[in-house]
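Please consult the sequence and the structure shown here alongside the text.

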Amino acid sequence: MATISAPGERDQRVRAFERVWSEPRGFIGALRTINNIPIAQRYMVTAFAFFLAGGVQALLMRIQLGTPENTFLDAETYNQLFTMHGTTMMFLFVIPFIEALANYMLPLLLGTRDLPFPRLTALSYWTYLFGGIFLYSSFLFGAAPDGGWFAYVPLNGKEFSPGINMDFWDIGLSVAEVSALGAAAELIVGILRMRAPGMTLRRLPLFAWAMLVAAFMLILAFTPLIVATAMLEFDRKGLTQFFTVGHGGDPVLWQHIFWAFGHPEVYIMLIPAVGIVSHIVQTFCRRPIVGYRAMVASLIAIGAISFALWAHHMFATGMSVGAMTFFTVASMLIAIPSGVQVFGWLATIWSGRPVWTTSMLFVVGFIAIFVLGGLTGVMVAAAPFDAQAHDTYFVVAHFHYVLIGGVVFPFIAGLYYWLPKITGRLMSERLGKWNFWVMFLFFNLTFFPMHVSGLMGMPRRVYTYPAGLGWETANLVSTVGALGFAAGVLLFVINFFWSRARGRPAGNNPWGADTLEWSESSPPAEAQFPYIPVVRGRHPLWEQPSLRPADAPAADSLRELDAAPTGWRGGLCVSMREARPLAIVHLPGPTIWPFMLSVAFVFLCAAALVDSGLLAGIGAAVAAVALCGWFWPARTEAAAIGEVGTEPRDRRLPIAVAGPRSNGWWGTMLLILVLVTALTTLVASYFYLAPRWVLSELPDLTETLLAITTTAVALASAGAVRWSAGGNTPALVGRRQLGLALGVMLGLVLVGMLRMLYGYHETTYARATDAQGSFFFLFLLFQAIVTLLHLVPTAVALVWAWRAPSDPRGLAPAANAALIGYFLVFSWGVAVATLYLAPRWFWPSE
Amino acid sequence: MSPTRVARGPGEYDQGPTVAWNARRALGGAALALSCSACAGPQSALDVRGTAAARIAGLWWTLLVVAVVVYIIVIALLLATIARRVRETGENGPQMPTSDRRGLRWIGLGGVLLPALVLAAVLAVTLRVQTALHSHTPADLTVQVIGRLWWWEIRYLGGAPGDRVITANELHIPTGRRVRVELTSADVIHSFWVPNLQGKVDLVPGRTTVTWLHADRPGISRGQCAEYCGLQHTRMGFLVVAEPPAEFARWLDEQRRPSAAVDETTRRGQVLFQSSGCAYCHATRPVATPGVGGPDLTHFASRRTIAAATLPNTRGHLAGWIADPQGIKPGNRMPRIPLAPADLLAVVTYLESLR
């Protein structure tokens with residue numbers, strides 16, 4: 001591209017650049033938009049609306065518990081309210097709100113124009129919205145979920161919950177989970193691959209570090225939950241028997257999987273909040289955070305340890321003393337990295353010159369509350385004390401200290417900090433201080449007395465209580481406190497609307513902060529960073545006079561992106577650790593398909609709810625159309641390839657289409673991580689239950705041989721696709737075509753063999769009567785999904801190789817199919833070893 | 001208190017005159033548990049009336065002291081940092097210090113060393129209590145408790161088949177004896193919890209879990225299901241009556257007998273009980289039930305409460321309960337059986353004779 005000198009030409013180009021990034025207008029345009037900012041705003045507003053809904057549920061419960069033997073709510077309504085309150089706050093408020101904030105802020109913080117998979121963000125949002133509406137529509141049918149947000153079995157099995165209440169929960173939640181996984185993949189690839197040049201991992205802002213850790217945790221924790229909710233739903237539909245005692249199942253298995261998700265979940269919520277706090281402390285103490293590396297290390301440590309303490313939710317189930325000791329130690333251990341965080345902030349405040357804004361007040365309130373919640377956390381980690389405190393109001397007090405103090409307070413602090421960037425107007429500091437004190441005082445008034453009522457013996461999840469047990473005062477105080485706390489939340493809402501109407505314009509950097517988001521206008525333009533910023537330290541706005549490249553070579557390599565490209569949306573990919581410019585990435589423009597795909601999910605959910613083949617058919621058809629539309633070759637991408645080229649030449653960046661340079665490859669790696677986690681959950685569940693099984697019929701020799709052959713076919717198919725990748729040069733097109741054709745054929749053979757394995761014991765596997773048979777059902781289903789994930793991109797790659805062998809876009813599906821091929825072989829090997837070989841090992845036939 | 005006293009409301013329990021003396025003993029005389037008169041209550045974990053609860057309460061008071069000290073240290077530091085700089089607000093540019101060594105010392109001391117030392121100490125105390133709680137000498141008495149939606153079936157197994165006692169929602173134990181409680185569930189997961197005496201243990205279908213009760217003085221404690229078990233989880237309470245061994249033995253003898261013989265005042269009630277469907281679920285030994293059980297009513301009148309510690313066992317409450325069980329405990333398994341007022345009173349009179 002020629003250098004541009006004339007100012008008129010330059011303006012014209014900036015306008016063209018802005019046009020290509022602008023959102024489509026109108027109603028249909030609103031459904032097609034995929035820009036991160038409008039999507040993130042919708043995400044935030046939706047999450048906040050669910051927060052208010054969950055808050056109203058909490059108030060109704062508090063009113064009911066204000067006096068003993070109150071009849072304001074009946075048992076059924078109360079049970080629905082506490083189930084929906086927990087579910088809403090966890091799945092429909094905190095996690096989506098974090099994703100919203102990250103989706104909004106991360107591109108700005110990282111100095112990139114958008115996250116790598118904008119369509120996935122849009123899909124996540126619509127799916128979350130529809131999943132939430134689906135869940136709440138249960139109220140219309142008078143069938144709101146009432147089995148607890150933790151859905152223990154057998155209470156939530158078909159026998160004891162015959163209504164569709166828990167089906168709403170199970171299905172609605174699965175959708176929200178899938179949406180969270182999508183967002184996680186988006187954030188991970190975005191943080192690792194799309195940053196400003198020079199923003200090495202050592203210079204990564206702490207919020208980005210926190211989101212990186214949290215997003216990995218989301219994948220590792222939500223995947224088991226998806227598997228578990230699927231198992232529960234299959235059980236409820238009568239297809240399987242995973243949790244049924246007497247059929248080789250065990251209800252405690254559910255608890256293990258659920259808490260293997262549920263406890264990391266707490267830290268998934270906490271870690272981003274902690275990241276927000278570090279930014280606020282740093283900005284308002286006017287100095288870098290003390291111990292940046294210690295802060296990062298402790299974030300990672302918290303994330304890692306959080307996966308080793310799930311069973312402290314299960315001390316009462318009759319565990320061995322050894323297991324209790326292990327989980328006690330692990331649960332206490334997590335206090336150390338948390339302590340590092342707290343003392344990092346204290347040291348920063350001590351050595352800085354703090355400015356007492358509302359954000360800082362909320363941070364101080366957060367520390368005061370969170371430390372108390374952490375101390376009660378150490379208490380309940382002690383198994384003997386937990387035997388008294390577990391499932392009482394003491395625990396309710398503990399986790400509200402951690403979740404409101406540790407998560408909601410930092411959110412509010414973060415909103416006071418970042419809303420001026422988002423709306424362009426400052427919030428009222430005076431109202432903000434009122435806001436803080438009301439929330440802080442009434443928070444403690446609400447939740448502190450719950451420690452007392454819990455120790456006095458008040459269990460959780462009771463819709464009323466008798467007088468005379470000494471619980472009256474504590475409960476009445478809590479109820480009054482809750483009403484006051486609600487007033488505090490209302491003050492925040494008032495302040496928000498006040499600032500929209502009357503707030504002073506914020507300017508680019510109202511707080512004199514250090515990170516890149518403050519270099520952009522407030523609110524940011526639709527086209528962010530027309531000139532890619534270059535970072536030379538952790539605090540670019542404090543340390544650098546200019547964000548332009550320092551030398552000519554650097555400037556040259558980025559010239560391609562100076563208010564460009566103008567015909568398509570382009571961003572910069574950098575190397576993971578050192579953030580060196582690697583490639584230009586083509587980002588898709590506005591499209592309706594994410595919306596349509598989520599509409600298809602709604603049909604599929606409704607079909608699963610009412611067992612309707614018609615709805616399932618409609619859903620599948622819409623999904624197929626949407627997926628075709630989604631992956632249909634984009635004309636802009638062809639233009640981009642024509643303009644930039646796929647190979648680097650004379651210091652100019654290439655465009656990333658396939659292979660490790662492309663985001664799609666990284667996304668596929670994350671998909672494989674999801675699949676590995678799911679497979680691990682399956683195998684762990686299998687071997688957890690296996691000792692309970694009395695010897696049922698062993699898979700016979702023919703069946704076993706068929707299964708082993710299947711693995712060989714998978715190996716051959718994956719190998720063929722891998723081999724085809726060697727034929728990327730024009731001369732070897734034949735090899736590419738042959739390899740892919742072989743891959744497709746072998747993939748189809750695999751599908752057929754899968755069908756044979758499934759049909760081998762059709763009567764038992766199709767409607768499994770015991771837990772062992774249920775695992776055949778589940779493993780084979782999983783294998784079917786993996787096989788399709790391999791087969792479909794292979795087929796797409798074959799079409800490319802046939803129709804347009806010279807087009808580099810065809811290499812992407814082939815490369816991704818080859819990656820999934822490795823996993824395909826692995827997972828077939830594991831499935832065969834688990835289902836067909838392990839029984840011979842463990843239960844030699846008599 | 002007199003074991004023959006029948007009509008006690010769920011609110012009428014021993015209010016624990018000397019509070020938490022066991023906790024003090026467990027702590028080796030630490031003076032922490034001295035003043036907790038507000039903690040007293042028939043369902044309070046801090047109103048200790050048994051060995052296990054005393055050990056746990058001792059652990060709690062230790063944890064509380066440690067937590068208060070740590071909290072004061074952290075908050076004092078927080079306030080000190082605030083006070084140090086609070087006057088210097090206003091516009092000021094960022095400083096970029098060259099070294100963070102002093103700050104890192106803060107993190108090392110406060111964030112790593114302090115919690116590590118405190119946690120090591122806490123862990124040592126915890127493990128000591130845990131070991132003590134889980135070391136058991138042979139049982140003096142074994143009781144089976146079966147969790148049901150939403151009440152507790154209690155079984156005492158004797159040497160001979162005729163010695164077996166089945167009752168509901170009121171567990172009697174002798175003081176000073178080690179009672180082994182075997183827990184099973186007939187339906188969903190419940191949790192057996194008597195805070196005055198012991199921490200909770202779940203009742204899991206397909207498993208038998210075990211807990212131990214050791215009351216050190218007579219008294220009536222309240223327990224409650226502590227694992228959410230559905231619609232009436234709230235109304236799944238029970239009483240634990242700890243009484244001196246002799247009184248307990250007398251009670252057990254009474255319970256082993258068949259239900260009281262009918263006389264002319266109760267005969268009509270018995271006939272109605274058998275013919276109106278009550279006997280389908282409720283046994284009055286030697287009459288067994290054809291259906292799946294509700295609570296065994298052989299010695300119903302000796303119990304202090306009805307509907308799983310929901311109402312005191314008085315004539316008025318009993319009549320109200322039989323007339324409209326779904327109004328008092330919606331969703332419970334007892335159907336409303338229409339009875340004419342005179343018939344209802346006859347059934348109540350009969351039930352009240354089942355001492």
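Buried residues make up 45% of the 355 residues in chain B; a residue is buried if 20 or more other C-beta atoms lie within 10 Å of its own, exposed if 12 or fewer, and partly exposed in between, with C-beta atoms placed from the backbone. The model is predicted, so that local features need pLDDT of at least 70 and side-chain atom pairs count only at pLDDT 80 or more, whereas totals for chains, interfaces and linings use all residues. Residues are numbered from 1 along each chain as its sequence is written, and chains are lettered from A and ligands numbered from 1 in the order in which they are written.

**Chain B: elements and sheet**

The secondary structure of chain B comprises 9 helices and 12 strands; helices (H or I, at least four residues) and strands (E, at least two) are DSSP runs, numbered from the N terminus. Of the contacts in chain B with a separation of 6 or more, 69% are between residues 24 or more positions apart. Two residues are in contact if their C-beta atoms, placed from the backbone, lie within 7 Å.

Chain B holds an open sheet of 5 strands in the order 3-2-1-5-8, with mixed pairing. Its edges are strand 3 (165–168) and strand 8 (209–213) of chain B, each of which pairs on one side only. From one strand to the next, the twist averages 25°, where axes are lines fitted to C-alpha atoms, for helices over the stretch in contact, and angles run from 0 to 180 degrees between N-to-C directions. Two strands pair if DSSP finds at least two bridges between them. Within chain B, V143(B) stands opposite V181(B) in strand 5.

Strand 10 (residues 237–243) of chain B is largely enclosed by the rest of the structure, because 7 of its 7 residues are buried. In a regular strand, side chains alternate between the two faces of the sheet. In strand 10 of chain B, G237(B), L239(B), V241(B) and E243(B) point one way, while F238(B), V240(B) and A242(B) point the other way, and all are buried. V241(B) in strand 10 of chain B is the bridge partner of H172(B), and V240(B) in that strand is the bridge partner of S221(B). Three strand pairs of chain B are set out below.

| Strand pair | Sense | Bridges |
|---|---|---|
| Strand 1 (residues 141–148) and strand 5 (residues 179–185) of chain B | parallel | 7 bridges |
| Strand 4 (residues 170–174) and strand 10 of chain B | parallel | 5 bridges |
| Strand 9 (residues 219–224) and strand 10 of chain B | antiparallel | 6 bridges |

**Domains**

Chain B is assigned domain 1 (21–84 + 101–133), domain 2 (141–255) and domain 3 (267–352); such bounds come from an automatic or database domain assignment. The centres of domain 1 and domain 2 of chain B, taken over C-alpha atoms, are separated by 31 Å. Contact between these domains of chain B involves 13 residues of domain 1 and 16 residues of domain 2. On the side of domain 1 of chain B that touches domain 2, helix 2 (residues 51–85) of chain B gives the most, with 4 residues. The residues of that side divide into 6 nonpolar, 5 polar and 2 charged. Here Ala, Val, Leu, Ile, Met, Phe, Trp, Tyr, Cys and Pro count as nonpolar, Asp, Glu, Lys and Arg as charged, and the others, Gly among them, as polar.

Chain A is assigned domain 1 (38–502) and domain 2 (683–842), with 38 Å between their centres, taken over C-alpha atoms. In chain A, 13 residues of domain 1 are in contact with 14 residues of domain 2. Helix 8 (residues 251–284) of chain A gives the most to the side of domain 1 that touches domain 2, with 3 residues. That side of domain 1 of chain A has 5 nonpolar, 7 polar and 1 charged residues.

**Core and a loop residue**

The largest nonpolar core has 378 residues, and M211(A) and A413(A) have the most contacts inside it. A nonpolar core is a set of buried Ala, Val, Leu, Ile, Met, Phe, Trp, Tyr and Cys residues joined through C-beta atoms within 7 Å. Helix 4 (residues 75–110) of chain A gives the largest share of this core, 23 residues.

D74(A) lies in the loop between helix 3 (36–65) and helix 4 of chain A. D74(A) counts as partly exposed because it has 14 C-beta neighbours inside 10 Å.
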